[in-house]
Amino acid sequence: MDFFGLDIGSYSIKAVQLRKIQDKYQLVAVGSAPSTSKGLASEAESDLTALAENIKKLYQEAKVTTKNVISALPEDQVFTRVITLPKLSEEELTSALKWEAEQYVPIPLSEVTLAHQVIGETTQDTRQKTEVLLVAAPNRLIDKLLKVLKTAGLNPISLETEILAMSRSLVAPDSEATLLVDLGARATDIAIIEKGQVVFTRSISTAGEALTRAVAGALGLEAGQAEEYKKAYGVDPGKLEGKVSQAIEPILEVIVKEMEQAIQFYQQEKEKTVKRIVLTGGTAILPEVVPLLAKKLTFETQIGDPFSRVVQDSLLAKIPKNDLLFYTVAVGLAMKEI
């Protein structure tokens, strides 16, 4: 079945259509367009209609050849957890997962849709255990996204979380344990990927916009100007007398501590060690962020390449190098096996 991946982000919308050729992919169509001011966060009918129009225009301009689409649910609006249960039948598992969901989903289960994926089995204290990735998505969010896609004239065939899509495009299935961190605008999403499976996930609200507010407050700037300073100087202590760096670093430290806790949790629970850190998201490409995180965490740290398994051709060459990272979710959606 032909389909394409559509990522409706906070600031932009990205579309990617791929064709699989053995263990590689050929880029069929690609493009981006501005999102609306509130994107999927809005409840206003007029905003959602405008968003659908932007998607429709992008679909046409990118020359996508199918109306079948897979899209992503914003990670900070869904509830995701990896849980360990005794080995159960499918019927018992479904019942157990509902009980587990009641423990951590902060809204009534009647208002969410539950989905799960068995990650694997382990042995603890001579007993067989099943590890399950459990996702709870608010029905209102699902209905809103489906309505936008259909209003845009598309045929939605699947929805999944952003972290699953990112893990697919940035971490090879046979890779060693990897800490994947999406330093986005409104949220930082953290996951540990082991042999192609998400074994830990967490989302926090400290992210790019918090860095911008810190710069604005420290330097007395308007938000737009603070954003430009952040992008230009990052955490380079040699630029602008280190003023931007000094404003940003305390916020980054919050993210670093969350990354450290994820690594420690994995080491304690699995008795294994994370081998590397892969970054994505706009904050990842700020000047000197990668070496700063590598130094603080003492792990090999790199910016991910969502197109690493895509054949290099003239269509891919048209994407500016600094923009490649922003297609991470869309590429991962386009790589989904149907």
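# Salt bridges and pockets: worked exercises

Lys272 is partly exposed, at 36% relative accessibility (buried is under 20% relative accessible area, exposed over 50%, partly exposed in between, with a 1.4 Å probe and protein chains only). The model is predicted, so local features need pLDDT of at least 70 and side-chain atom pairs pLDDT 80 or more, while totals for chains, interfaces and linings use all residues. Residues count from 1 along each chain as its sequence is written, and side-chain values use heavy atoms, without hydrogens or water.

## Exercise 1

- Step 1. Helices (H or I, at least four residues) and strands (E, at least two) are DSSP runs, numbered from the N terminus.

## Exercise 2

Trace the salt bridge of Lys144 and name the network around it.

- Step 1. The Lys144 side chain meets that of Glu43, at 3.1 Å from N to O.
- Step 2. Lys144 belongs to helix H3, residues 139-151. Glu43 lies in the loop between E3 and helix H1 (45-61). The separation is 101 residues.
- Step 3. Lys144 counts as buried, with 3% relative accessibility.
- Step 4. Arg140 joins Glu43 and Lys144 in a network of salt bridges.

## Exercise 3

Decide for Lys336 and Glu160: buried or partly exposed?

- Step 1. Lys336 and Glu160 form a salt bridge, with their closest N and O atoms 3.4 Å apart.
- Step 2. Lys336 is in the segment after H10, and Glu160 is in strand E8, residues 155-161. They are 176 residues apart.
- Step 3. Lys336 has a relative accessible area of 21%, so it is partly exposed.
- Step 4. Glu160 has 6%, so it is buried.
- Step 5. For the whole structure, the search finds 16 salt bridges.

## Exercise 4

Describe the largest pocket and its lining.

- Step 1. The largest pocket holds about 1,100 Å³ of space. A pocket is an open set of points on a 1 Å grid where a 1.4 Å probe fits, with protein on both sides within 12 Å along at least five of seven lines; lining residues have an atom within 4 Å of a point. Its volume is the space filled by probe spheres set on the points.
- Step 2. The lining has 46 residues. Closest to the centre are Ser10, Tyr11, Gly184, Ala185 and Phe326.
- Step 3. Elements giving two or more lining residues include strands E1 (4-8), E2 (12-21) and E3 (24-34), and helices H4 (162-170) and H10 (328-334).

## Exercise 5

Find which element gives the most residues to the lining of the second largest pocket.

- Step 1. This pocket has about 750 Å³ of space.
- Step 2. Its lining counts 34 residues, and Arg81, Val82, Val199, Phe200 and Thr201 are the closest to its centre.
- Step 3. At least two lining residues come from each of strand E5 (79-86), strand E6 (112-124), strand E11 (197-204) and helix H7 (243-270).
- Step 4. E11 gives the most, with 7 residues.

Conventions:
Salt bridge = Lys/Arg side-chain N within 4 Å of Asp/Glu carboxyl O.
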